[in-house]
Amino acid sequence: MADGNPNSNPGVLESLGEEIVRIVAPVSACMLLVVLLVTSLHAGGDGGSAVTSIATIAYSEEASDSFWDKLEGALLNSLVFVVVITVLTFLLVLLFYFRCMRFLKSYMVFSSFVVLGLLGGQIFLFLIARFYVPIDVVTFSLLLLNFSVVGVMAVFLSKVPILVNQGYLVTIGVLVAYWFTLLPEWTTWALLVAMSLYDLAAVLLPGGPLRLLVELAISRDEELPALVYEARPVEQNQPGAGRRLWRERRDTATNSSSNLNGLEAGNPNPQSQEANLVVAEEDAAVSAVTAPLLPPQLERRREEDAEGIGLGSSGAIKLGLGDFIFYSVLVGRAALYDFMTVYACYLAIMAGLAITLLLLAVYRKALPALPVSIALGILFYLLTRYSLEVFMVQCSTNLLMF
Amino acid sequence: MGDAVFSVFGSSHVLPNKKSLCNTVLWGRFTRQLNKIVPTHRMEGRRDGLLFWLISLIVLSGAWRVVLPLNSAAWWPYVILIFTSVGFQEATRLMFWKLYKRLEVILDAFAEEKFRSRLSWTDKMQIALAGGLGHGVAHAVFFCVSLLTPSFGPATYFVDRCSRIPFFLVSAIISLVFVIIHTFSMIIAFNGYADGRKVDQVVVPVVHILAAVMTLMNLAPGGCSIGVPLLCCVGAITMYYCWQMVWRKLTEHGRRQRNASEIHIS
């Protein structure tokens with residue numbers, strides 16, 4: 001038996017590994033799409049496109065400013081952003097506490113529709129202009145309308161195939177992340193750092209809004225009111241117990257009107273303020289969308305205790321869409337410099353995610369998914385940009401390898 | 001219908017109670033999941049391997065940063081560069097092996113607990129393969145793939161010293177050979193460390209240095225037309241050596257198992 005069975009690998013570490021793979025694939029897909037978008041739409045060089053939004057309300061960066069000016073301005077911007085996000089998240093917690101479920105749900109539906117329709121439409125227009133796609137206005141608007149409506153249905157209804165649901169969640173992440181990469185450079189980096197600090201505080205501190213949200217959701221045994229990506233197994237021939245649990249979770253989801261995406265309802269505005277409206281929406285989207293990383297619900301397990309941690313078929317790891325977005329923003333920003341930084345940051349983020357998942361298995365409570373990955377990502381970006389690249393280019397252009 | 005099944009089983013097999021049948025069902029599900037789990041573990045090994053080698057490359061570049069960029073006229077700084085880099089990488093490989101040994105202890109403990117068997121030698125080979133692949137892919141990505149951006153336009157680039165083939169093609173061929181060398185060296189190295197064979201342990205750094213020194217030939221004008229084919233030969237030799245080693249292990253284990261079963265029968 002010792003040598004005969006080639007598949008004698010232990011189960012616990014491996015079941016965790018399988019869950020990691022199921023989360024890694026969509027995160028990687030999201031990052032890849034953002035990198036593709038960034039590289040194809042910024043082919044003419046990084047021109048500091050002026051996108052006015054809440055994130056640049058305090059200071060809009062010029063390329064000619066001095067180092068300290070830029071740093072100060074970026075910090076100010078990110079501070080304003082984090083304050084806005086905090087206020088909105090507290091508002092969300094309040095609404096959740098007073099059980100204004102219908103309001104929350106319809107708000108989320110409206111905001112998802114706007115993200116898919118307006119942000120998505122704008123990006124599709126960029127793509128059409130870039131690639132000279134021959135399409136007319138009527139067809140385009142019809143397709144866009146269908147795309148948005150199906151997207152909203154896929155995310156909020158329960159009878160939709162899981163792949164479509166996951167695909168649309170990834171699409172929403174890609175669209176919002178691409179908009180964030182349009183911000184000026186220093187502001188983006190400062191924003192990433194600020195958001196990971198905010199995430200850390202909001203999830204771990206006793207008064208943090210996200211922690212309150214998670215505790216409320218668990219105490220009422222309801223789904224979290226946020227856009228959350230759930231890495232459920234996609235296979236069809238699951239054992240009966242697993243399928244029962246999956247359907248059960250879906251039913252509670254529809255009952256408790258989950259999947260909230262708190263947005264600021266802006267009035268439809270003329271073109272000059274459209275950027276403002278659109279980016280304001282995604283700013284507010286981030287507030288509720290930055291849900292913490294959740295372990296599988298402990299009370300849902302039944303006889304699956306024999307499987308060890310039980311991550312196999314009973315629960316599933318949930319990753320908030322905000323995490324998708326900020327990982328992709330980091331990688332998108334790295335793509336604006338060079339591909340080497342993209343690879344380095346991708347590896348760093350994946351390592352951070354794996355560490356976070358391991359910590360999740362150890363602590364078994366909601367954990368912030370941003371800090372470790374973003375910290376590693378920024379560290380590797382700086383190291384690669386200022387140290388590794390010179391070394392590599394020196395070696396490769398002389399055709400030296402080791 | 002489930003009860004009918006149980007009764008059929010109850011009549012023809014010895015089943016103490018329904019609970020043990022549930023356990024068997026769970027066990028069956030486990031082993032079915034194992035086929036997905038084994039490649040996952042390899043993938044994890046590969047990805048962690050990628051990060052590990054990236055970190056080693058970054059440390060190397062950090063150490064050399066002060067001296068770079070070098071002027072391209074003299075060739076001896078490159079020699080020092082190559083030797084220090086290869087030396088550092090081999091030291092890193094040793095560290096990787098020590099890390100893996102510790103991980104293996106944990107994995108073996110879990111395997112004992114759950115399946116009452118340890119990691120088989122094929123599993124260890126597969127983990128070594130994944131590690132080696134991670135090493136090779138990390139080098140290939142950072143030396144070759146990340147510099148491919150200029151190739152997307154209509155024209156191509158040539159290097160002065162190797163003006164017959166486009167730069168990207170030469171770089172790709174060299175990277176391919178190095179992927180092969182790194183992958184199979186890791187398998188040879190892990191087996192050498194595990195079995196304590198000095199020959200295997202020494203062969204790996206020697207091959208690495210040999211291959212790196214051959215790329216030094218590319219510094220001479222026109223040198224790549226000698227260097228690159230020789231490099232391919234080194235890659236082929238590494239592959240052959242690894243094949244010989246694996247074949248030897250296979251026959252050894254096959255013979256051992258046959259002896260063990262013969263003892264059982266007789």
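The model is predicted, so local features need pLDDT of at least 70 and side-chain atom pairs count only at pLDDT 80 or more, while totals for chains, interfaces and linings use all residues. Residues are numbered from 1 along each chain as its sequence is written, chains are lettered from A and ligands numbered from 1 in the order in which they are written, and side-chain values use heavy atoms, with hydrogens and water left out.

Helices are DSSP runs of H or I with at least four residues, numbered from the N terminus. Their axes are lines fitted to C-alpha atoms over the stretch in contact, and angles run from 0 to 180 degrees between N-to-C directions.

| Helix pair | Angle | Axes | Crossing |
|---|---|---|---|
| α5(B) and α6(B) | roughly 165° | within 8 Å | left-handed |
| α3(B) and α5(B) | about 60° | 11 Å apart | right-handed |
| α5(B) and α7(B) | about 30° | 9 Å apart | left-handed |

A crossing is left-handed if the near helix is turned anticlockwise from the far one by less than a right angle, and right-handed if clockwise. As for direction, angles under 35 degrees count as roughly parallel, over 145 as roughly antiparallel, 65 to 115 as roughly perpendicular and the rest as oblique.

Helix α5(B) covers residues 167-195 and α6(B) residues 198-216, and their axes cross at roughly 165°, which makes α5(B) roughly antiparallel to α6(B). The contact (heavy atoms within 4.5 Å) includes I174(B) and F178(B) of α5(B) as well as V204(B) and V207(B) of α6(B). By class, this contact has 10 nonpolar, six polar and one charged residues, where Ala, Val, Leu, Ile, Met, Phe, Trp, Tyr, Cys and Pro count as nonpolar, Asp, Glu, Lys and Arg as charged, and the others, Gly among them, as polar.

Helix α3(B), residues 76-115, packs on α5(B) at an angle of about 60°, which makes α3(B) oblique to α5(B). Among the residues that meet are W97(B) and Y100(B) in α3(B) and M186(B) and F190(B) in α5(B), and the contact has nine nonpolar, two polar and one charged residues.

Helix α7(B) covers residues 224-265, and α5(B) and α7(B) are roughly parallel to each other. Their contact has 18 nonpolar, four polar and two charged residues.

## The second largest pocket

The lining of the second largest pocket divides into 16 nonpolar, one polar and two charged residues. Elements giving two or more residues to this lining are α1 and α11 of chain A together with α2 and α4 of chain B, and α1(A) gives the most, with six residues.
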